[in-house]
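Here is a briefing on one structure. Keep the model open while reading the points below.

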Amino acid sequence: MVYLTRRERFNAAHRLYNNQWSEEKNREVFGKCANENFHGHNFELFVTVKGEVDPETGFVVNAHHLSKVIKQEIVEKLDHMNLNKDVDFLEGILPSSENIVIAIWKKLEVLLDDCQLHCIKLIETENIYVEYFG
Ligand code: NI
């Protein structure tokens with residue numbers, strides 16, 4: 001089994017806020033991340049797929065195709081967007097990094113039919129990242 005990772009970057013704004021809670025509770029749990037006018041991150045996304053190497057191509061996956069799907073279906077929809085408002089596949093979802101990687105996994109899982117997803121990793125700041133293995 002060989003693992004291949006594609007890295008992408010995007011900038012986006014979000015706000016961590018639970019509508020079911022009071023202003024005070026949001027402030028207590030999310031701190032500055034609950035600020036009304038949003039804040040931004042330079043996100044780094046790593047999509048790792050796995051599979052056996054095709055003896056004819058020497059590839060585990062067609063990296064060109066993989067890159068195209070990630071760019072079109074994920075990065076284009078997230079880059080320079082407000083994750084609370086602008087992204088169809090995040091509608092109704094509190095856009096924490098945790099929830100974002102799960103949503104990306106669900107979307108890519110159906111789109112990538114020629115390889116198996118292994119991990120979605122999202123770096124939010126230089127000190128924090130999340131990983132989802134499905
Ligand atoms: Ni944030």
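**Briefing**

Phe38 sits in the loop that connects α1 (23–30) to β2. Helices (H or I, at least four residues) and strands (E, at least two) are DSSP runs, numbered from the N terminus. The model is predicted: local features need pLDDT of at least 70, side-chain atom pairs count only at pLDDT 80 or more, and totals for chains, interfaces and linings use all residues. Residues are numbered from 1 along each chain as its sequence is written, and side-chain values use heavy atoms, with hydrogens and water left out.

**Backbone in the loops**

- Phe38 has a phi near 70 degrees, a positive value in a residue other than glycine.
- Phe38 counts as partly exposed because its relative accessible area is 25%; buried means under 20%, exposed over 50%, and partly exposed in between (1.4 Å probe, protein chains only).
- His80 lies in the loop between α2 (63–78) and β3 (81–82).
- Phi of His80 is also positive, near 60 degrees, and the residue is not glycine.
- His80 is exposed, because its relative accessible area is 63%.
- Most residues other than glycine have a negative phi.

**Strand pairing**

- Strands β1 (residues 2–14) and β2 (residues 39–51) run antiparallel and are joined by 13 bridges. Two strands pair if DSSP finds at least two bridges between them.
- Phe10 has Phe43 in β2 as its bridge partner.
- β2 also pairs with β4 (residues 116–125), in the antiparallel sense, over seven bridges.
- Cys119 in β4 stands opposite Thr48.

**Nickel site**

- Three protein donors hold positions 2.0 to 2.1 Å from the nickel ion: His14 (NE2), His39 (NE2) and His41 (NE2). Donors are N, O and S atoms within 2.8 Å of the metal (3.2 Å for Na, K and Ca); water is not among the atoms, so sites may look incomplete.
- His14 in strand β1 and His39 in strand β2 link distant parts of the chain, 25 residues apart.
- Along the chain, the donors follow the spacing H-x24-H-x1-H.
- His14 is buried, because its relative accessibility is 1%.
- His39 is partly exposed, at 23% relative accessibility.

**Nonpolar core**

- The largest nonpolar core has 30 residues, of which Leu45, Leu78, Ile104, Leu108 and Ile120 touch the most other members. Such a core is a set of buried Ala, Val, Leu, Ile, Met, Phe, Trp, Tyr and Cys residues joined through side-chain atoms within 4.5 Å.
- At least two residues of this core come from each of β1, β2, α2, α3 (97–111) and β4.
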